[in-house]
Amino acid sequence: MRKSLSIIIALFLTALGARAQDSQLVNHMALGVAAGTDGIGLELALPFSPYVQLRTGYSIFPYSLKKTVDLEKDFPDFGAVPVYGTLWKGGTGKVFVDVFPGKKTGFRFTVGAYVGPGKVFHGYGDLREILEEDDYSTLVMTYNTFSFTTDAKGYVQADGLMKVFAPYVGVGYGRAVVPDSRLRLSVDLGGIITGGLKVQTYNYSVNKNGEPVVLHSSDLTDPTDGHQRDKGWIDRVTKFPFVPILKLNVYFLLF
């Protein structure tokens, strides 16, 4: 009995020693659910030491906005047009490296990248009830300095684009992987460095895939009074050097 007790105590102390000496070198993994300005998605996290952790994941933006816009002033035959908009069309992949200044600190610096179609925002107008089907992708419409068409299905497309690969920098609080904790919460605050976005619509009459037509606020000047229809927002978006990211995460330790 005494011998068995000694063995149990020895195993217990060995286990404690192993836990205390945990190198955290790719020997744990956590699965996370993330929600923020870049959408909702899943992440996997791995530690590379008590000071460095790697996270990678994918997000989509499941929400969209619908609004009816009256175009009769500019296009008398159109009238009211349903317009839809969403963010992060096509979803985004992401890779983060978290660097902690201490072995147990929650505060961290994060660098990484976002990879995807690059559509920060996407909008389209439904002209199916206004145009004849033969006019889809063939009828060229002109407003001031730019010309565009619908696509082959009768929708006018517009995008706000960044590069398909864009670096990310930020700070955060909370560790995705803590060996002795099953549930962890964390927050990210940072920005995707874009150098500015490009806003464009498309002309499908010259290219079946859509010839890009880049837009500026000056292109949306009202010819009757000289005011910019977008109130200068396109120019602000194209010049703003980064996309802000705020993200909340919940991680579950897998092993």
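**Entry 1: a pair at the sheet's edge**

I started with asparagine 203 and looked up its bridge partner in S15, which is glutamate 211. I keep in mind that this is a predicted model. The two strands involved, S14 and S15, pair in the antiparallel sense over four bridges.

Next I asked myself which strands make up the open sheet, and in what order. I found six of them, running S4-S5-S8-S11-S14-S15, with antiparallel pairing. The edges are S4 and strand S15 (211-214), each of which pairs on one side only. From one strand to the next, I noted a twist that averages 25°.

**Entry 2: the largest pocket**

I then turned to the largest pocket, whose volume is about 1,400 Å³. I counted 36 residues in its lining, and those nearest the centre are Val69, Leu71, Val83, Ala158 and Leu220. Among the elements that give two or more residues to this lining are strand S4 (64-70), strand S11 (155-161) and helix H2 (233-239).

Which strand gives the most to the lining? My note says S5, with six residues. I also sorted the lining residues by kind and got 23 nonpolar, seven polar and six charged.

Strand S7 (residues 107-115) is joined to S12 by nine bridges, and the two run antiparallel. One pairing I wrote down is valine 111 with valine 169 of S12. S12 is also joined to strand S13 (residues 183-193), by six bridges and again antiparallel. There I found glycine 170 standing opposite glycine 190 of S13.

**Entry 3: glycine 39**

My last stop was glycine 39, which lies in strand S2 (residues 39-49). Is glycine 39 buried or exposed? Its relative accessible area is 2%, which is under the 20% cut-off, so I list glycine 39 as buried.

I wanted to know what surrounds glycine 39. Leaving aside neighbours within four places in sequence, glycine 39 is in contact with Ala34, Ser59, Ile60, Phe61 and Trp88. I also checked leucine 87, 48 residues apart from glycine 39 along the chain: the C-alpha atoms of the two are separated by 8.1 Å.

Definitions and conventions: Residues are numbered from 1 along each chain as its sequence is written. This is a predicted model: local features need pLDDT of at least 70, side-chain atom pairs count only at pLDDT 80 or more; totals for chains, interfaces and linings use all residues. Side-chain values use heavy atoms; hydrogens and water are left out. On a 1 Å grid over the protein atoms alone, a cavity is a set of points where a 1.4 Å probe fits but cannot get out, and a pocket is an open set with protein on both sides within 12 Å along at least five of seven lines; lining residues have an atom within 4 Å of a point. Grid points are joined across faces, edges and corners, and a volume is the space filled by probe spheres set on the points. Ala, Val, Leu, Ile, Met, Phe, Trp, Tyr, Cys and Pro count as nonpolar, Asp, Glu, Lys and Arg as charged, and the others, Gly among them, as polar. Two strands pair if DSSP finds at least two bridges between them. Buried means under 20% relative accessible area, exposed over 50%, partly exposed in between (1.4 Å probe, protein chains only). Contact means heavy atoms within 4.5 Å. Axes are lines fitted to C-alpha atoms, for helices over the stretch in contact, and angles run from 0 to 180 degrees between N-to-C directions.
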